[in-house]
Amino acid sequence: MAYQVNGATIEHDEEGYILTLSDWSKELADVIAETEEIDMNEEHWEVVNFLREYYEEYQIAPAVRVLIKSIKKSLGPEKGNNKYMYELFPYGPAKQACKIAGLPKPTGCV
Amino acid sequence: MENDAKRFLYVNRKAPYGTIYALESLEVVLIGAAFEQNVSLAFLDDGVFQLTKGQDTQGIGVKNFSPTYRALGDYDVNKLYVEKESLEERGLSVDDLQEITYEDEDDDWEEKPSINIVSRSEMADIMANQDVVLSF
């Protein structure tokens, strides 16, 4: 299973998470988002970029509870809440945003 | 909630690389943290190496997961007990360990250290006070 981006073939697992983290690009993010039926806007990118920074620092993709708490801390309570995050990513903010960000499935997601 | 929750202690006694124990333990802790348990971690014997700073795994071709210990505070895991004798026997001190902190919800989110250095006899008491002890 694979995504097609600019002629390149990027392999992913059965749930759509890419296998090689370094394969990620902004163009790939748009392709993954399309398969998730998400039209990427600035708010989506803010979360995706936040996740990539979190991964860079801690080497894990955070669970949804932790993601929302951390967003609240750095971007404020009007964004760090369930309603806002689920409106952006209806099928799970951590799961969908991590997939688009090219990260593994969140650790501690149940 | 905290008082009703079972007390879980994850005991880490092996070096971080070479076996899968350290990483598996950390993953179980992060997954288990979703269940509102009262979680503590103990580091003794070679397990104290898991928390050392400046880990570099490039030469052995595995992922350096030591930065993940610093995310434990985000998962509300903020009691890390490190045995003093185990550190000393390996020529280590608290200065060789990475700084791990959490923000105290009950104290205006003040940042506090998660690592507590305890003696061997204190560690025995900590273990005796748990409902569940999982050894890795």
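Helices (H or I, at least four residues) and strands (E, at least two) are DSSP runs, numbered from the N terminus.

The model is predicted: local features need pLDDT of at least 70, side-chain atom pairs count only at pLDDT 80 or more, and totals for chains, interfaces and linings use all residues. Residues are numbered from 1 along each chain as its sequence is written, and chains are lettered from A and ligands numbered from 1 in the order in which they are written.

β4(B) and β5(B) form a hairpin, with five residues between them. Within the turn, Asp108(B) has a positive phi of about 55°. Thr101(B) stands opposite Pro113(B) of β5(B).

Chain B also holds an open sheet of five strands. Their order is β6-β3-β2-β1-β7, and the pairing is parallel. At the edges are β6 (115-118) and β7 (132-135) of chain B, each of which pairs on one side only. From one strand to the next, the twist averages 25°. Strands of a sheet pair through backbone hydrogen bonds, either parallel or antiparallel. Three bridges join β2(B) and β3(B) in the parallel sense. Here Leu41(B) has Leu80(B), in β3(B), as its bridge partner.

Two helices of chain B lie across strands of the chain. Helix α1 (residues 21-32) of chain B lies across β1 (7-12) and β2 of chain B. This helix runs at about 160° to β1(B). Helix α3 (residues 120-128) of chain B lies across β1, β2, β3, β6 and β7 of chain B, and runs at about 140° to β3(B). Axes are lines fitted to C-alpha atoms, for helices over the stretch in contact, and angles run from 0 to 180 degrees between N-to-C directions.

In the loop between β2 (38-43) and β3 (80-83) of chain B sits Asp76(B). Its phi is positive, near 60°, in a residue other than glycine. Asp76(B) counts as partly exposed because it has 18 C-beta neighbours inside 10 Å. A residue is buried if 20 or more other C-beta atoms lie within 10 Å of its own, exposed if 12 or fewer, and partly exposed in between, with C-beta atoms placed from the backbone.

Gln59(A) lies in the loop between α2 (42-58) and α3 (64-75) of chain A. Its phi is near 65°, again positive in a residue other than glycine. With 17 C-beta neighbours inside 10 Å, Gln59(A) is partly exposed.

Helix α5 (residues 93-100) of chain A is mostly covered, with seven of its eight residues buried. The buried residues are Pro93(A), Ala94(A), Gln96(A), Ala97(A), Cys98(A), Lys99(A) and Ile100(A). Their cover includes α1 (26-35), α2, α3 and α4 (82-88) of chain A. Just after α5(A), Gly102(A) takes a positive phi of about 75°.

The axes of α2(A) and α5(A) come within 9 Å and cross at roughly 80°. The two helices are therefore roughly perpendicular (65 to 115 degrees; under 35 counts as roughly parallel, over 145 as roughly antiparallel and the rest as oblique). Val47(A), Val48(A) and Leu51(A) of α2(A) meet Pro93(A), Ala97(A), Cys98(A) and Ile100(A) of α5(A). Contact requires C-beta atoms, placed from the backbone, within 7 Å. By class, the residues of this contact are seven nonpolar, no polar and no charged. Ala, Val, Leu, Ile, Met, Phe, Trp, Tyr, Cys and Pro count as nonpolar, Asp, Glu, Lys and Arg as charged, and the others, Gly among them, as polar.

Ala97(A) touches Val47(A), Val48(A), Leu51(A) and Phe89(A), not counting residues up to four places away in sequence. The largest nonpolar core has 56 residues. Those with the most contacts inside it are Leu51(A), Ala97(A), Ala42(B) and Phe43(B). Such a core is a set of buried Ala, Val, Leu, Ile, Met, Phe, Trp, Tyr and Cys residues joined through C-beta atoms within 7 Å.

Between the chains, 13 residues of chain A are in contact with 13 residues of chain B. On the side of chain A, α2 and α3 of chain A are the elements that give two or more residues. The largest share, four residues, comes from α3(A). This side has six nonpolar, four polar and three charged residues.

Key
Two strands pair if DSSP finds at least two bridges between them.
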